[in-house]
Amino acid sequence: MFLPVDFSKVVELKPMPSSVQKVRIDKVEPKSGDKGPYFKIEYVVEEGEHTGRHLFHNISFSEKSLWKAKQWVECIGIDWEKKKGVDTMDMLGCKLYVTVELDMYDGKETNKVTGFAPIKK
């Protein structure tokens, strides 16, 4: 099948500069890895020059990484103790700040989420 297409008007997105961004959790996909389960998180930037841009972040629930997963779950306001666990549906729409840094992946400059913080209410 041949599909005629003109890619000449495609705008290439450049990575965001290192910064702190207010984001909303748009998607949470449970995955299984070599070291244990993890969530593949997709954030959407909520404000500023990069509003609408997407960022990606993996949260590992492996034995060695549970301390970081706990910090992230508490950061987004999930009461894991009350529920005795976490439900991905509770995460959708949660807002937080993420630290974004420049990184190299496959020889290309890209963004990497390296930290997070709660939004004070």
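Which residues of the largest nonpolar core touch the most other members? In this core of 24 residues, they are Ile25, Tyr43, Leu55, Trp72, Leu96 and Val98, where a nonpolar core is a set of buried Ala, Val, Leu, Ile, Met, Phe, Trp, Tyr and Cys residues joined through side-chain atoms within 4.5 Å, and buried denotes under 20% relative accessible area, as against over 50% for exposed and partly exposed in between (1.4 Å probe, protein chains only). At least two residues of this core are supplied by each of strand E1 (19-33), strand E2 (36-45), strand E3 (54-60), helix H1 (66-75), strand E4 (95-105) and strand E5 (108-117). The model is predicted, with local features requiring pLDDT of at least 70 and side-chain atom pairs counting only at pLDDT 80 or more, while totals for chains, interfaces and linings use all residues. Residues are numbered from 1 along each chain as its sequence is written, and side-chain values use heavy atoms, with hydrogens and water left out.

The secondary structure of the chain comprises 3 helices and 5 strands, arranged from the N terminus as β-β-β-α-α-α-β-β; these elements are DSSP runs numbered from the N terminus (helices H or I, at least four residues; strands E, at least two). Of the 121 residues of the chain, 29% count as buried.

Strands E1 and E2 form a hairpin with 2 residues between them and run antiparallel, joined by 10 bridges, pairing being assigned if DSSP finds at least two bridges between two strands. Within this pair, Val28 stands opposite Ile41 in E2. E2 also pairs with E3 in the antiparallel sense, over 7 bridges, and the bridge partner of Tyr38 in E3 is Ser60. Because 7 of the 10 residues of E2 are buried, this strand is largely enclosed by the rest of the structure.

For the core residue Leu96, contacts (heavy atoms within 4.5 Å), leaving aside neighbours within four places in sequence, include Ile25, Tyr43, Trp72 and Phe116.

The largest pocket has a volume of about 790 Å³; on a 1 Å grid over the protein atoms alone, a pocket is an open set of points where a 1.4 Å probe fits, with protein on both sides within 12 Å along at least five of seven lines, and lining residues have an atom within 4 Å of a point. Of the 26 lining residues, Phe56, Thr110, Asn111, Lys112 and Val113 are the closest to its centre. Elements E3, H1, E4 and E5 each give two or more residues to this lining, the largest share, 9 residues, coming from E5.

Terms used:
Points joined across faces, edges and corners; volume = space filled by probe spheres on them.
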